[in-house]
Amino acid sequence: MRVRRDRILEHLSSGRHYRNRRLLRQHGLRAPLLLSAGPDVGTGLPLQLDAPSLLSQPSFVLAAGTGYGMVPSPPSYHKPLVAHHPVAAASSPASAAAPREDPTPSTSASRPSALAAFHMRIAPAPSKQAAQRGAAPEASDGPAPALRHGSGVGLALFGVGLVNKALFQSLMEENGCCLLYVVEDQLEEVEHAFGAEFLAGTRVLRQQDADVALNDQRVSGAIICSPPEEAAEIVIDALRAGKGVFCERLPSFDRQTAEACFDEADRCGRPLVCGFYKRFDPALQFLYKKVRDSQALGRIHRISTMSSIYPAASLSFLKTSGGIFYNAAVHDIDIISLLLGESAPDTIFSLGHAFCADMAYLKDADTVAVSMKFRSGAIVTLDISQHCTKSCDQRLEVHGSQGTLRVDNQNPLGITEHGTSVSIYSQTQADRYRDAHRELFRHFLRTLEGKEPPVITKEQFLWTIQVAAAAEQSWRNGSAVDLRNEAIDSSVIKTEIM
């Protein structure tokens, strides 16, 4: 008893006790809570706090500005992490301009926490009855998130780990939309991807609570960035909830499953946009108009593409995204079909190798060459590699009976290097196709507003993944694949990889 009394007296005499009491009075709480949050809460947050800090509670708010406060809630509920409104947004201009004393001086001035700029609170999971009624379950201890731009198309983002950086930038820069929800189990991924200021009006949910976002009538569109093996179920749920869908990756590796997603979009009368971003690149669009509309090259004889990715994708990313054929080659296949006006080649043959030992362990290639011959007689070669040490290499040449058109690497300096040891200009894949991703995202917003239909049709998508499956099958079997006579089972092929 004496030891316990000494510890209590030591705590009362410390400055930490008086700081906590002042914080509790500031936020209207009478006494500190003594319930434990469990090990999974504290370890996932980057805050630098002492052991008896206020974060050892069952629910928490990380306030914008200089302090933080507590929102108590029953510890028995399983609650998703959600973003809350910043304090500054609710205060008057006069109070915002007035200086305030910092009640919680930072313990690390050199590395402040990124999460300290927006509120985080834990809300009860929605009931199945509420979901079936079509209601939007909201937490009982706080208001719903406000629109970030005041007005615009409400969006929900599902999955963060596989999102392209260029899409992130489009989300943050586009004024015609507002991100109301992010559905992601890994809070660190959300913090790493978005800035705290951007997420001030965005609610973050766990995957098991996705119905909260899907049942919110303010949400018009869902952006699905989950791996293709998981995306199909989310796509169908979003369509049935009346949301338009932008699938940033592939909705599925399997042809039948992907077809079911498009059929569901037709039944629900909602758009389904797939992320074939290269066809939205301004340079490739100009090339398409010259080749198809103007017939500037006459009859097409040959097309060759070079696609070396920089920086190389991580192994975990390649494993979940389907490998080099479904992550990289599929976009070049889409462009080739668009330029030729033909759905698929008659014959396809692939060679590939895994120069990286980890890629060989995954039974995938990091460098492939794909040759295709189309019914028109056009011969196409795709050169794709995950190895590019200085800058991404993205080139395309179209040879016709009346001339040649070529899309070179975009270099704002206008300087070409040969044999130099230091790269003059380094360009990532996201930088090269930033405009393409932006235009694709704007196209999705226009489909939500009913201004235009999705330009990527079900038939185009299904043929593209079937050609990608044939290219991979050719590489694995070491023989050419005749698409005129053979049926390609992409689901079997992907089972071998994963």
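Trainee: Which residues lie nearest the centre of the largest pocket?

Mentor: Val163, Asn164, Lys165, Arg249 and Phe317 lie nearest the centre, out of 35 residues that line the largest pocket. The elements giving two or more residues to that lining are α7 (165-173), α8 (187-193), α13 (315-321), α14 (323-340) and α16 (429-432). Bear in mind that this is a predicted model: local features need pLDDT of at least 70, side-chain atom pairs count only at pLDDT 80 or more, and totals for chains, interfaces and linings use all residues. Residues are numbered from 1 along each chain as its sequence is written, and side-chain values use heavy atoms, with hydrogens and water left out.

Trainee: OK, and what counts as a pocket or a cavity here?

Mentor: On a 1 Å grid over the protein atoms alone, a cavity is a set of points where a 1.4 Å probe fits but cannot get out, while a pocket is an open set with protein on both sides within 12 Å along at least five of seven lines. Lining residues have an atom within 4 Å of a point. Helices (H or I, at least four residues) and strands (E, at least two) are DSSP runs, numbered from the N terminus.

Trainee: What volume does the largest pocket have?

Mentor: About 910 Å³, where a volume is the space filled by probe spheres set on the points, and grid points are joined across faces, edges and corners. By class, its lining has 16 nonpolar, 13 polar and six charged residues. Ala, Val, Leu, Ile, Met, Phe, Trp, Tyr, Cys and Pro count as nonpolar, Asp, Glu, Lys and Arg as charged, and the others, Gly among them, as polar.

Trainee: And how many cavities are there of 30 Å³ or more?

Mentor: Three. The largest cavity holds about 90 Å³ of space, and its lining includes Lys278, Asp332, Arg395 and Arg432. Strands β9 (300-308) and β13 (393-400) are the elements that give two or more residues to that lining.

Trainee: Which element gives the largest share of the second largest cavity's lining?

Mentor: That's α14, with four residues. The second largest cavity has a volume of about 70 Å³, and among its lining residues are Arg249, Tyr326 and His331. Arg249 is also one of the residues nearest the centre of the largest pocket.

Trainee: Switching to packing: at what angle do α10 and α11 pack?

Mentor: About 5 degrees, with the axes of α10 (residues 228-240) and α11 (residues 255-268) 9 Å apart. Axes are lines fitted to C-alpha atoms, for helices over the stretch in contact, and angles run from 0 to 180 degrees between N-to-C directions.

Trainee: Which residues make the contact between α12 and α14?

Mentor: Leu284, Leu287, Tyr288, Val291 and Arg292 of α12 meet Ile335, Leu338, Leu339 and Leu340 of α14, contact meaning heavy atoms within 4.5 Å. Those divide into eight nonpolar, no polar and one charged. Helix α12 (residues 282-293) and α14 pack at about 30 degrees, with their axes 9 Å apart.

Trainee: How many aromatic pairs does the structure hold?

Mentor: Six, counting rings of Phe, Tyr and Trp (its six-membered ring) whose centres lie within 6.5 Å; planes under 30 degrees apart are stacked, over 60 edge-to-face and the rest tilted. Phe253 and Tyr326 form an edge-to-face pair, 5.1 Å centre to centre with 75 degrees between the planes. Phe253 lies in the loop between β7 (244-247) and α11 and Tyr326 in α14, so the pair ties together parts 73 residues apart in sequence.

Trainee: Last one: which residues does the cis peptide bond join?

Mentor: Tyr310 and Pro311, with omega about -10 degrees. Pro311 sits in the loop between β9 and α13.
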